[in-house]
Amino acid sequence: MDGYRAEGGVVSTNFPARFLFADQLGPHFDDGGAITLVEAKSVFQRRAYNRQKAHLVLSALRHRAAEDSGRITLIRAGNYREGLSGLDVSAMDAVAATSRPARALQASLGFGQVHPERGWFTGPAEFAQWVEGRGRKRLLMEDWYRSVRRRHDILMDDGEPVDGRWNFDSDNRLPPPRGETHLPVPPPWQPAEDEIDAEVRADLDAWAKEGVEFLGTDGPRRFAVTREEAIQALEDFIDNRLALFGPYEDAVLWRDPFMAHSLLSVPLNLGLLHPVEVVDRAVEAWVDGRATIASVEGLIRQIIGWREYVWHLYWHLGAEYEELNALSADVHPPDWFLQAAWKEVDAHCLKRSLQYVSEIGYSHHIVRLMVLSNWATQRGYSPQVMNDWFRRAFVDGYPWVMTANVIGMGLYADGGTMATKPYVSGGAYIKKMTDFCGECRYDPKVRVGDNACPFTAGYWAFLDRHRESFRSNHRMGTALRTMDKLRDLPELLAQETARGEQAP
Ligand SMILES: Cc1cc2nc3c(=O)[nH]c(=O)nc-3n(C[C@H](O)[C@H](O)[C@H](O)COP(=O)(O)OP(=O)(O)OC[C@H]3O[C@@H](n4cnc5c(N)ncnc54)[C@H](O)[C@@H]3O)c2cc1C
Ligand code: SF4
């Protein structure tokens, strides 16, 4: 698996310049000719992006241009069309963008040639073939993941998974270690900021003074934005943190937002790292005995399983999927939530999760799912508003990631295409997998009263609201029967109605 897969990309010599978006910055988008990048301010004027995400995108573009200023031109403009206005776009080429709106823009700009997408482990034909082979069976991530492992011979031994197992959930998914505040791993690699970062920071401060709104606060840059940094971040993770990635990938120690996670979603989504590289380095670490199969398999599952699956589903499910709202969730999330005003929140899990959004623009997947999405689903927040929020609020948010993660997994807005039941839980599960509850004024076991946990109460109120539609879902049967036995359900429902949209 050496090198990159250009997935059908045709190297063109006829075009004088290639236009690339800010998420196409790695070597696999560069065939050696001139490159034009556009820094479009309008993107940040339309909606409030996380301040640190704005910094990362601008810093990535400016660093890329500075790396080879003779060959790479960065145009600063109001928008893309304006930026390219003086150029003969028909004589330029491009690489297919990662979202429908960006592909529509590419088409309307009229590039001479648009090459097939790059930067993925698997191509659209491979996914289409897999879908066709499924017939009427559900498009399960696990089955996709196994098919990719088989087809590409990753962690396979004579047609069987190495170590005899496809999945190491019993070794992984441990609750957080008791009595610890941090995992015993070195802190994640962090870049040294340079003069380009200083310039970006000054520009963003100036934009903010002009009235451009940002979500969250400024902070030191924590994620890789150049190819060199991306490789350093990858090596550092593989050498120092991968070993504990698997066992604690689903656990939360709230003072340690990064745990043993890789922080690679930013460089991966900026197109600086190719997933093949991440898989290769992880396999090497296992072969060399530097990481257990459980951790290595856990990471590879995220990359060739989840990440590729989510990418292909974005295209497969189409634009209409993003409009689904199976639970008729039409509450506009309150401002304290949308603005991540964490100081207004008492519920410790939600408070800290919003603090992560505000101060680092990052949390790992369990916080995004078990706290933020769980809360939004319980409270009936609009999936379309949440989709937009997740995309803007996180440093790694892009449209293609939202379809499956937010509309499908997080909010169950598709009524069960992706997940067989809504990902909702009360405080007991949050208590099991995190250390949030120990410092909370609420009690996860209590449903009604001053110290009633809003997640526990919200869980039952959610089930009650949807009891009729969930009756036919056998996976919800036990929960519905338990709810029917709750004698304090009327008080609980009155309590949650009174809570309304107030911060818990
Ligand atoms: C509601 C919700 C919203 C999310 N939004 C985003 C998002 O905007 N951008 C994003 O890249 N990921 C998103 N994810 C997936 C996942 O939470 C992040 O990829 C991960 O937390 C990034 O941190 P990390 O790099 O430390 O990941 P690690 O835990 O170290 O995982 C390694 C890599 O696997 C990939 N990965 C793992 N799970 C997923 C997944 N479900 N979908 C796509 N890639 C995955 C990422 O590239 C990640 O860098 C979301 C998940 C949920 C539940
Ligand atoms: S008690 Fe409830 S609100 Fe408080 S941290 Fe635990 S789950 Fe969250």
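The entries cover conventions, then the helix pair, then the charged pairs.

Conventions: I worked on a predicted model, where local features need pLDDT of at least 70 and side-chain atom pairs count only at pLDDT 80 or more, while totals for chains, interfaces and linings use all residues. Residues are numbered from 1 along each chain as its sequence is written, and side-chain values use heavy atoms, without hydrogens and water.

Helix pair: I looked up helix 15 (residues 365-378) against helix 19 (residues 454-465) and found an angle of about 40° with the axes 9 Å apart.

Salt bridges (side-chain nitrogen of Lys or Arg within 4 Å of a carboxyl oxygen of Asp or Glu): I noted a count of 47.

Glu-39 pairs with Arg-76, the closest N and O atoms being 3.8 Å apart. Glu-39 lies in strand 2 and Arg-76 in strand 4, so the pair ties together parts 37 residues apart in sequence. I logged Glu-39 as buried at 4% relative accessibility (under 20%; exposed is over 50%, partly exposed in between, 1.4 Å probe, protein chains only). Arg-76 is partly exposed at 47%.

Glu-210 forms a salt bridge with Lys-41 at 2.8 Å between the closest N and O atoms. Glu-210 is exposed, at 56% relative accessibility.

Note on methods:
Chains lettered and ligands numbered in written order. Axes fitted to C-alpha atoms, helices over the stretch in contact; angles between N-to-C directions. Helix = DSSP H or I, 4+ residues; strand = E, 2+ residues; numbered from the N terminus.
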